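Let's work through some exercises on a protein model together. Keep the sequence and the 3D view open, and try each task before you read its solution.

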Amino acid sequence: MLTLLNPRNPEVSAVIVEALADTGSVHMVIPDHVRIQLKLEEQDRKEVTLADGSRRLVPYVGPLELRFKNRVGFVGAVVMGDQTLLGAIPREDMDLVVNPRDRRVDVNPESPNIACSIAK
């Protein structure tokens with residue numbers, strides 16, 4: 001479970017979602033009903049390429065605060081579809097890994113207590 005918050009509007013209640021870890025997706029993807037619940041404003045539009053190769057212009061919103069176990073991240077999100085997808089950017093930001101055996105996301109076992117990153 002992933003907790004989503006609007007850091008610009010702390011009065012808005014958090015939304016808890018079951019997100020799919022999409023290893024083919026770069027961005028965080030949220031459906032429009034989540035955008036509405038969190039009162040996230042459109043900041044821009046992005047052209048995204050879908051799995052079938054087609055392209056679509058979609059709203060880009062943010063910032064979006066993500067919480068998973070002992071991790072916190074801040075990202076923008078594209079708005080489309082009916083499922084929440086956790087793409088590569090938020091997974092890397094929070095130092096999360098996908099375990100292919102059980103098809104689950106978890107904190108990086110090499111850094112279980114604090115998210116690690118490379119900045120060089």
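A word on the ground rules. This is a predicted model, in which local features need pLDDT of at least 70 and side-chain atom pairs count only at pLDDT 80 or more, while totals for chains, interfaces and linings use all residues. Residues are numbered from 1 along each chain as its sequence is written, and side-chain values use heavy atoms, leaving out hydrogens and water.

**Exercise 1. Follow strand 6**

Task: Find the strands that pair with strand 6, and name a bridge partner for each pairing.

Solution: 
- Step 1. Get the terms clear: helices (H or I, at least four residues) and strands (E, at least two) are DSSP runs, numbered from the N terminus. Two strands pair if DSSP finds at least two bridges between them.
- Step 2. Begin with strand 1, which pairs with strand 6 in the antiparallel sense over three bridges. Here Leu4 has Leu66 of strand 6 as its bridge partner.
- Step 3. Move to strand 5 (residues 42-49), which runs antiparallel to strand 6 and is joined to it by seven bridges.
- Step 4. Finish with strand 7, antiparallel to strand 6 over seven bridges. Val61 turns up again, this time with Ala77 of strand 7 as its bridge partner.
- Step 5. While you are in strand 6, look at Pro63, which lies there. A cis peptide bond, with omega about 0°, joins Gly62 and Pro63.

**Exercise 2. Look at the turns**

Solution: 
- Step 1. Strand 5 and strand 6 have five residues between them, and Gly53 in this turn has a positive phi of about 90°.
- Step 2. Strand 6 and strand 7 have two residues between them, and here Lys69 has a positive phi of about 50°. Note that Lys69 is a residue other than glycine.

**Exercise 3. Trace the salt bridges**

Task: How many salt bridges does the structure hold, and which residue is the partner of Lys69?

Solution: 
- Step 1. Side chains of opposite charge can pair when their charged atoms come close. A salt bridge is a side-chain nitrogen of Lys or Arg within 4 Å of a carboxyl oxygen of Asp or Glu.
- Step 2. The structure holds six of them.
- Step 3. Lys69 meets Asp106 at 2.8 Å, N to O. Asp106 lies in strand 10 and Lys69 in the loop between strand 6 and strand 7, so the pair ties together parts that are 37 residues apart in sequence.
- Step 4. Compare two further pairs. Arg55 and Glu47 meet at 3.1 Å, N to O, and both are exposed. Glu65 and Arg67 have their closest N and O atoms 2.8 Å apart; Glu65 is buried at 10% relative accessibility, and Arg67 is partly exposed at 39%.

**Exercise 4. Check a charged residue**

Task: Is Arg91 buried or exposed, and what is the nearest side chain of opposite charge?

Solution: 
- Step 1. Locate Arg91 in helix 2 (residues 88-93).
- Step 2. Sort the charges: Lys and Arg count as positive and Asp and Glu as negative, while His and the chain ends are not counted.
- Step 3. Arg91 is buried yet has no salt bridge; Glu92, the nearest side chain of opposite charge, is 6.3 Å away.
- Step 4. Leaving aside neighbours within four places in sequence, Arg91 is in contact with residues including Asp22, Leu86 and Val98.

Conventions:
Buried < 20%, exposed > 50% of the residue type's maximum accessible area, 1.4 Å probe, protein only. Contact = heavy atoms within 4.5 Å.
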